[in-house]
Amino acid sequence: MAAHRCRYLACLLLLFLSVILVTMSQETTLGHEQHELVIRPLHSGDIYASFQFRTVWETDFMKGNKVSHYRLFPKSLGQVISKFSVRELHISFTQGYWRTMQWGQPFIPSPPGAELWVWFQDSVTDVDATWKELTNVLSGIFCASLNFIDSTNTLQPSASFKPLGIGNGTTDHRFLRYATLPREIVCTENLTPWKKLLPCGSKAGLAVLLKSEKLFHSSFHSQSVHIRPVCQDRQCKSSSWELRQALNVVFDLHTSGQSKREWSLFKMFSRTLTEACPLASSSKIYIDVTDNPQEEQFELSPATPLLSQAVVLGDRRTFSVYDLTQQVTFGTVRSLNLMIRWKSSEGDMLRPLLHAERYVTGYGLQTGEIHTLMYNNHPFRSFPVLLLDSVPWYLRLYIHTLKVISKGKDNNPSYIHYQPSKDRERPHLLEMLLQLPPHSVTEVTVQFERALLKWTEYTPDPNHGFYVGSSVISSLVPSTVAMETNITMEQPLFSSFFPCKEESSYFARVYTEPLLVNLPTPDFSMPYNVICLTCTVVAVGYGSLYNLLTRSFQVEEPNPGLAKRIANVIRRMRGVPPL
Amino acid sequence: MATTEVERRRGQLAALSIAAVVIVVGVPLWWRTTETYRAWLPFSQIKDLSKLQLHLSADVEVVFARGTLTPEQQKKLPLTQTQDEEHAVDENTVLRYTHEIKYRTATIMEEEALGKPTAAEADLSLHMLSESPCGSSVVYVIPEVSSLLPENVKVYIGQRRTAILRINAEMRAGKTVEQLLAVLKPQIKQVLQVMSFSHTDITAALSDRVRFNPGSKESMTHSMRAFTSSPGYEITFSLLNPDPRSHRLHWDIEGAVQTYIQPFLTKLSPLANFSIDSQMLHYAMLGVNPRYNNDRGAFILHADSLAHVINPVEARLGSNAASSNPVLNFLLYVPDAQHSPLYIQDHKKMDVPSNAFHSPRWGGIMVYNVKNLYGPEAEFPVNININMAEVMGVFLTQLRLLVGMESSPPPPGFLVAPCGSVGLADWELDRLMWSRSVENIATATTTITSLAQLLDQIGNIVINDNIAQQVSSAVTSVQLAVAELEAGNLGFALQYSKETILASEKAFFDPSLLHLLYFPDDQKFAIYIPLFLPMCVPILLSLLKMASEARRRYREKQAKKD
């Protein structure tokens with residue numbers, strides 16, 4: 001009964017909030033701005049903080065007219081999308097691996113390293129050339145090695161990556177390019193240009209928390225930029241650009257905080273909040289208090305009367321909301337320093353319904369086997385997943401050895417798209433649609449042979465190994481609660497990234513670990529040694545041949561023996577003629 | 001004895017044939033396989049480019065209105081005259097200017113146009129009668145009785161390519177045509193100095209090619225102010241709002257660009273492509289803290305500190321991701337509420353009336369004070385609409401300077417028509433086109449010659465066919481541009497000069513040239529010695545042995561003969 005009343009209250013609050021939002025968005029006509037920070041205490045003792053900054057630019061771009069006047073939208077990205085006729089652009093930089101089993105699902109998943117996928121508009125004629133140019137420009141904007149994206153690591157997935165924004169009907173995967181750089185190391189130089197894209201920079205609002213020395217002192221760091229076309233209003237008569245900048249970070253405060261389980265904004269980011277960005281129409285902090293309805297687990301201070309409920313990743317969660325646009329939030333000290341003190345360390349997390357892992361088996365440097373394991377933890381429902389595997393050309397897949405086994409039986413994929421590699425041109429692409437039986441592990445194995453590279457193709461540290469990008473598993477996971485169908489303003493940002501129309505299931509994307517594979521590596525001083533050795537052998541052979549051909553041979557008088565010579569010397573001394 | 005002799009001969013033959021094989025087969029094979037690909041370049045033509053003789057010629061029409069010539073003077077009026085000038089700028093560059101002057105009397109319609117009440121109207125109706133081609137100019141000579149020009153004005157220079165010149169009564173009284181023309185000549189020359197190319201402009205345009213001692217400080221600052229010639233420019237207007245908490249700024253940049261900037265750029269379109277964009281930057285600060293002046297109750301930014309303003313702002317401006325053309329930045333800075341009003345002072349501690357300054361080859365900054373637009377009791381944030389006419393007036397003036405339009409005061413007695421809504425007179429465009437063509441040709445010739453020199457010096461650089469093609473097309477375009485300049489076709493000359501600069505830059509910055517197959521000599525020896533030393537030493541030794549034997553035998557033969 002109490003819970004019911006609570007929910008009722010939350011719904012009312014939600015309604016109230018949405019009214020505020022709508023009135024605020026009417027104020028600015030040429031785009032608006034929403035900022036958000038979600039903090040979720042994880043059961044492992046870690047803290048998951050997820051920032052999202054959303055800029056909407058109400059401009060009609062699909063009709064091909066040139067837009068060149070920027071207000072909130074960053075000019076550098078605007079120029080990129082209009083020059084390269086980009087329809088959708090998703091780029092992420094991640095340091096560390098998201099541990100799904102310990103941390104649950106992230107709001108915006110991303111693989112380790114850099115990931116870039118782009119849908120071009122269908123007016124683009126030479127997609128490959130445009131893609132090449134685009135990666136070079138993005139590499140300059142984000143100070144990353146995206147210029148290493150070439151045809152050997154670019155894919156055209158046929159089913160896994162569908163446009164997330166509104167489209168004009170065409171989902172022809174000719175206009176899609178996908179690439180990952182699992183080796184990419186993300187650091188401050190990538191964060192600075194990312195922060196520059198925010199309208200308030202890091203001068204005001206939530207972005208003041210983004211201090212690089214704290215953000216990179218964490219277990220997981222991921223920053224991403226997503227640009228897509230969205231509807232301007234409910235009728236969707238006109239479209240606008242949406243730019244979402246997301247930053248997810250997981251702090252391990254339990255070990256760094258002298259084993260005291262408590263945290264605050266100041267402890268995590270070494271800053272407190274004093275104001276919202278004046279350009280943002282909404283700026284909020286959400287704290288996940290689902291597992292703490294009666295404050296039996298932790299204590300949150302300062303307390304907030306605002307509660308909000310949202311369905312995110314198939315689960316109904318309750319959040320305490322701090323609205324930074326209200327002066328009340330900052331209290332009398334004019335600064336907000338959220339604090340959580342844990343009371344008990346008990347409680348367990350709902351196991352994520354889908355997770356996956358991947359590893360390489362085998363010994364020696366000739367062959368090996370890739371194992372991909374997908375877990376369906378749902379007790380009674382099976383659901384379909386799309387597996388996307390991209391393997392570089394120097395691991396030659398034996399596709400006839402492909403085996404899919406769940407619960408000890410063969411599991412026949414209902415759709416397979418396999419594109420064999422071409423040496424030094426394109427990677428292997430394997431896409432499969434599989435049905436994961438309830439409460440099961442599905443294992444996909446495929447054998448491969450390691451190729452020998454040319455000596456200039458090795459990386460500077462070849463003995464470190466070669467990276468193989470993560471597998472991507474996209475699926476519709478059965479939801480534990482029913483979803484609202486209308487995607488409107490009142491939803492918080494973190495719950496509305498993947499559009500979802502289905503009520504009983506939600507979309508989830510899971511990335512496996514990248515693989516590190518050793519290739520047969522030569523001794524790199526070998527070429528010179530070989531040259532010297534062969535030259536010497538040739539010279540010796542040639543020398544004796546030359547001698548044989550040019551010298552003349554004649555019989556010589558054999559030398560007198562030693563005894564005879566000594567005898568002759570003695571005879572000469574005696575004045576006797578020699579022998 | 002005989003067998004040993006046969007053996008010796010056989011050995012010698014074997015050594016000789018091995019040496020022959022090595023020389024005939026081995027050496028060419030080695031040469032072939034280690035050679036770098038170098039396409040043919042027109043080196044002789046490039047060498048010719050290092051000696052540049054530019055010949056600029058322009059047509060001038062001198063039209064005598066009724067009342068300036070007596071009937072017999074009219075009869076003897078020559079049809080054409082040429083004015084020639086030659087300057088040797090340095091030992092490799094020679095400039096020649098030719099003005100082809102045509103004389104005629106005015107037609108009835110032109111007389112009618114000259115009879116208009118004001119010079120501006122006359123200018124317009126003369127333009128309607130006939131449009132003179134690009135690069136040419138027309139001078140109308142009117143009698144002193146005409147009321148077209150104000151009292152103390154001798155020459156009126158119109159918005160198009162026409163000038164109106166008034167002659168005095170004593171200049172023509174009782175003189176022959178030759179004498180009259182001799183009197184007119186310096187005046188016409190003065191007019192052409194303003195309307196057509198001038199020697200200072202052209203030498204300034206050659207600065208990329210010729211290093212000459214700077215003349216006056218003034219001319220040097222002028223030559224360094226304008227952007228160098230480029231096939232395209234990006235113009236970026238940025239509104240800097242350091243304090244979005246108190247000021248909410250609105251500017252109608254789309255409308256302002258359409259009204260003020262676009263007509264100017266459309267007129268300039270034969271010169272280069274321009275693209276415009278704008279952005280708003282929040283929390284963007286200037287690099288210096290302006291000092292507060294108690295007497296004025298205002299903040300003062302002194303001219304000495306302006307140099308430090310730009311750098312911190314520039315980091316926020318962002319580079320242009322979509323093209324590699326030079327960017328012209330125009331910043332409108334609205335000082336925050338705590339630091340306003342803000343005024344810029346020049347070196348004489350006087351307020352700059354426009355409250356703006358420009359930075360050579362970079363752009364302009366204008367400070368726009370909004371403090372007086374709201375009272376002290378205003379509620380923050382204040383909504384402020386920026387007066388774009390005021391801002392764009394300043395930016396357009398700066399843009400004119402940065403594009404290379406000189407606004408030096410005209411000589412005494414000259415009246416220059418105001419440039420009107422377009423912001424640019426036809427003859428100003430012509431002047432710019434002359435100097436741009438010369439600049440393009442100068443830059444392209446230096447680029448090509450230095451590229452050829454580089455390729456000549458470093459034998460290891462691979463020259464691909466596409467580079468050779470770019471270089472040849474650049475050379476052909478240079479020759480065409482020079483020829484068109486000589487023929488007086490300014491439009492074509494500029495077109496070819498743009499092509500040549502594109503082709504030469506493309507060749508010079510081609511990435512395949514960087515892909516240098518560079519092996520240091522010591523490494524080469526380290527690889528060659530193990531193979532070549534053991535092979536060549538026996539061959540050389542046996543050849544030497546044979547030679548010495550042959551010489552010995554020859555001497556023996558000589559001795560026998562003696």
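The model is predicted, so local features need pLDDT of at least 70 and side-chain atom pairs count only at pLDDT 80 or more, while totals for chains, interfaces and linings use all residues. Residues are numbered from 1 along each chain as its sequence is written, chains are lettered from A in the order in which they are written, and side-chain values use heavy atoms, leaving out hydrogens and water.

**Chain A**

- Chain A has ten helices and 26 strands, taken as DSSP runs numbered from the N terminus (helices: H or I, at least four residues; strands: E, at least two).
- Of its 579 residues, 52% count as buried, where buried means under 20% relative accessible area, exposed over 50% and partly exposed in between (1.4 Å probe, protein chains only).
- Among contacts in chain A with a separation of 6 or more, 77% join residues 24 or more positions apart; a contact means heavy atoms within 4.5 Å.
- Asn568(A) sits in helix H10 (residues 562-574) of chain A and is buried, with a relative accessible area of 14%.
- Not counting residues up to four places away in sequence, Asn568(A) touches Pro578(A) and Leu579(A).

**Where the chains meet**

- His69(A), Arg71(A) and Tyr546(A) supply 19% of the area that chain A buries against chain B, more than any other three residues.
- Three salt bridges are found across this interface, each being a side-chain nitrogen of Lys or Arg within 4 Å of a carboxyl oxygen of Asp or Glu.
- Lys75(A) forms a salt bridge with Asp277(B), and their closest N and O atoms are 3.9 Å apart.

**Helices of chain B**

- Val24(B) lies in helix H1 (residues 2-34) of chain B and counts as exposed at 59% relative accessibility.
- Helix H15 (residues 490-508) of chain B has 19 residues and reaches 27 Å from its first C-alpha to its last, close to the 27 Å expected at 1.5 Å a residue; the expected span is 1.5 Å times one less than the number of residues.
- The buried residues of H15(B) include Leu490(B), Leu494(B), Ile501(B) and Ala507(B).
- Those buried residues pack against helix H13 (426-457), helix H14 (465-487) and helix H16 (511-514) of chain B.

Key. Buried area is the accessible area (1.4 Å probe) that two parts lose on being put together, summed over both.
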